[in-house]
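The exercises below are meant to be worked through with the sequence and the model side by side. Try each task before reading the solution that follows.

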Amino acid sequence: MESTAHAFKANVGHALADPNLQDSLAKLKVGFSERRRQAAERLPEFEALRDRARDIKNHTLAHLDFYLEEFERKVIGLGGHVHWAPTAADARRIIAELCQSVNARTVAKSKSMVAEEIALNEHLEALGIAPIETDLGEYIIQLRNEPPSHIIAPAVHLTKDQVADTFLEHHAKLGFDKRLTERNDLVAEARYVLRQKFLDADVGLTGANFLVAETGSSMLVTNEGNADLSNTLPRMHIVLASIEKVIPTLEDAAVLLRVLARSATGQESSAYTTLNTGPKRREDLDGPEQYHVVLLDNGRSSVLGTEMQDILRCIRCGACMNHCPVYGAVGGHAYGWVYPGPMGAVLTPQLVGVEEASNLPNASTFCGRCESVCPVRIPLPKLMRHWREREFEKHLTPKAVRQGLAMWSFAARRPALYRRLTAMANRVLALFGRADGRYRALPLASGWTRFRDFPAPQPGGTFHARWAKRKS
Amino acid sequence: MSTSPPKSSTRPRRVALFVTCLVDLFRPSVGFAAVKLLEDAGCTVDVPPLQVCCGQPAYNTGDRATTRAIAAQVIDAFEGYDAVVAPSGSCGGMLSHHYPGLFDDDPAMKARAENLAGRSYELIAFLVDVLGVDKVAARYDGAVTYHDSCSGLRELGVKEQPRDLLGSVQGLTLREMKTPEVCCGFGGTFCVKYPEISNAMVGEKSADIASTEADTLLAGDLGCLMNMAGKLQREGSTVRVRHVAEVLAGMGDQPAIGEPERS
């Protein structure tokens, strides 16, 4: 998708003024974090599992080439194919060629953020191949022509009423001309409409939560079972996954699965956990005749060995955004590209360029709640700070901020001068603020006083001035 | 005011107060409250005159060179004290958790930064965890709610210590918010760089504060307190906002943050 990360501030303005979005976010903020907290509390070894999950991913990243080649060897041994895609364009081309090789007209897609990353749907549509999203949330936003606003709950920005209107608009021509109001009825209607599309699809395309090197399996977790229909009904199954999804063993997968669902939705495990291990074998009753895995790099290998490497541990649970007060205020679309929230604020500058996404790592209070819930303990605030350091080095930091900082640091490095300046500021602010105790407007601080009063200093001088008097 | 007897005879005696820029400029009474609490607990308190700022404005803007220069200045200023105590989890966390990482390429400075980190504390955690203070003899007639500032809570583990001490304040009842651990939206320069988001966050915080029906809001960081006080007062709230140290030191009768001097 086209990035609007550069327009973050404008996006924020729209998000804060959208009452439907604010309604949806209010529910999200309470629901996800409370369910995660309860799930973590029910499992005494949860914190120890987070350590193990971190260690598994660190080990894999340290030997990524080995495990990827091992995975490839296993997939080929099973009769499947592995395609290496250095860039998004390569991945689009590979997938399009695979679809064209079986004259595909429709592709049943199970939710994949990597497919969003490479803008696959637009590419297939341009070639006359219809991608059909089969995850309920993805299906809803596909009908509305919107990008996902959350990595595990793509339509979380919408209210039930908005979904009802969307279904009426798009399903009426299929004979469903009654506006539904009950959640279950909406799900049933979507299921009915989607079922025929599964049966008609020529190709099934899924993402992968994990790629297991020892078995050559791709692993998927869903709550809707749509992935299983996507990968068993059509003749060709294409798995699109980024390179950091590989892990060594099924044993490792078991550890990661135990932290994944708990961190994401607060479930002990997702409703469906599926392993796809090669194409249909002779004795199998069903399954795809062709099994392809497209491995996307798209800049990730350049992160290896750098101070940003920890972000490649991410298992896409969404806990960081579920707990982020900034995400909770503005939602996912404001971030302007595929990955929102704290993990997006670290990953997006890497994938679309820090010039384009310079706001994202800055739009954080460093409150640390994301890191405190991350199942693989990614130090997200630290990584966002690294981006700020790179922006500062590249002179991308806004001029007003740089100049203010330069003046402040000139004084802060000269204690005697700093004392004189603060004593003066204290006197002036205390004098003019004396009557009310606060300011309703203040020059140079309109960002503050537009929304808040600004407390005046206590009269009587700075602490240091008073302390010096007390000592003498 | 009285404190419980010390738990250990080897506890730090010579304590340096890291005043913090905001306390120095806006609310010196927090510094004097900190001095009182430390002196009552048996410490000798010094305020090194060469201290300025911990460097967070530069650190969080990505200016590593300036941060290192300021950190080196702080390390010099606080050489030789048994403990360095700040009435702020944010500044305390900067000294104890972030300084060493600034000097990865300079082993001598790194060792000095680690030495400082090992003896740097947030005020209330220092009183309770290090000095063994378990009650104060203050009085505050009112219902208070306590906001957990982010760095203190998540970097330094400040959670029960202030609540334990507030429990010993005569006349005080504590009413918890639904989400006392969610950020108030201050975030240093964040609140002026992204004022709309900051406002949405502090607006939610003020609604949570109002729902407790407490008459006083307390926290351990002046930045957060000024942000929340400013929002509450703009909304016309009558909730008074104070630093927790002021109430614990029995200095809770002066004008609250953003209130005028009484004539």
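**Exercise 1. Describe chain A as a whole: how many residues does the chain have, and what share of them counts as buried?**

Solution. Begin with the count: chain A has 472 residues, and 49% of these count as buried. Keep in mind throughout that this is a predicted model, and that the values worked with here are computed from it. Next, take the extent of the chain, whose C-alpha atoms fill a box of roughly 95 × 55 × 45 Å along the principal axes. Then turn to secondary structure, which in chain A comes to 21 helices and 12 strands. Finally, look at how the sequence is brought together: among contacts in chain A between residues at least 6 apart in sequence, 74% join residues that are at least 24 apart.

**Exercise 2. Is Arg50(A) buried or exposed, and which residues does Arg50(A) touch?**

Solution. First locate the residue, which is found in helix H3 (residues 46-62) of chain A. Then count neighbours: a residue is buried if 20 or more other C-beta atoms lie within 10 Å of its own. Arg50(A) has 21 C-beta neighbours inside 10 Å, and therefore counts as buried. Leaving aside residues up to four places away in sequence, Arg50(A) touches Val259(A), Pro375(A) and Arg377(A). As a further check on distances, Asp200(A) can be compared with Arg50(A): the two are 150 residues apart in sequence, and their C-alpha atoms are 42 Å apart in space.

**Exercise 3. Work out the strand order of the open sheet of 4 strands in chain A and of the one in chain B, and say which strands stand at the edges.**

Solution. In chain A the order is E8-E5-E6-E9, with mixed pairing. Strand E8 (246-247) and strand E9 (272-276) of chain A each have a single partner strand, so one side of each is left without a neighbour in the sheet. Within this sheet, strand E5 (residues 210-212) of chain A runs parallel to E8(A) and is joined to it by 2 bridges, and Leu211(A) stands opposite Val246(A).

In chain B the order is E6-E5-E7-E8, and the pairing is parallel. Here strand E6 (170-174) and strand E8 (240-243) of chain B stand at the edges, because each has a single partner strand. The twist from one strand to the next averages 35 degrees. Strand E5 (residues 139-146) of chain B is joined to E6(B) by 4 bridges, and Gly142(B) has Leu172(B) as its bridge partner.

**Exercise 4. Describe how helices H9 and H10 of chain A pack.**

Solution. Two packed helices are described by the angle between their axes and the distance between the axes. For H9 (residues 160-171) and H10 (residues 183-200) of chain A, the angle is about 35 degrees and the axes are 11 Å apart. The crossing of H9(A) and H10(A) is left-handed. Residues making the contact include Val163(A) and Phe167(A) of H9(A), together with Leu186(A) and Val193(A) of H10(A). By class, the contact has 5 nonpolar, 1 polar and 3 charged residues.

**Exercise 5. How many residues does each chain give to the contact between chain A and chain B?**

Solution. Chain A gives 53 residues and chain B gives 56. H1(A) packs against helix H11 (residues 195-212) of chain B at an angle of about 35 degrees, with the axes 9 Å apart. This packing is made by Val12(A), Gly13(A) and Leu16(A) of H1(A) and by Glu196(B), Ile197(B) and Ala200(B) of H11(B).

Note on methods: Residues are numbered from 1 along each chain as its sequence is written. Chains are lettered from A and ligands numbered from 1 in the order in which they are written. This is a predicted model: local features need pLDDT of at least 70, side-chain atom pairs count only at pLDDT 80 or more; totals for chains, interfaces and linings use all residues. Axes are lines fitted to C-alpha atoms, for helices over the stretch in contact, and angles run from 0 to 180 degrees between N-to-C directions. A crossing is left-handed if the near helix is turned anticlockwise from the far one by less than a right angle, and right-handed if clockwise. Two residues are in contact if their C-beta atoms, placed from the backbone, lie within 7 Å. Ala, Val, Leu, Ile, Met, Phe, Trp, Tyr, Cys and Pro count as nonpolar, Asp, Glu, Lys and Arg as charged, and the others, Gly among them, as polar. A residue is buried if 20 or more other C-beta atoms lie within 10 Å of its own, exposed if 12 or fewer, and partly exposed in between; C-beta atoms are placed from the backbone. Two strands pair if DSSP finds at least two bridges between them.
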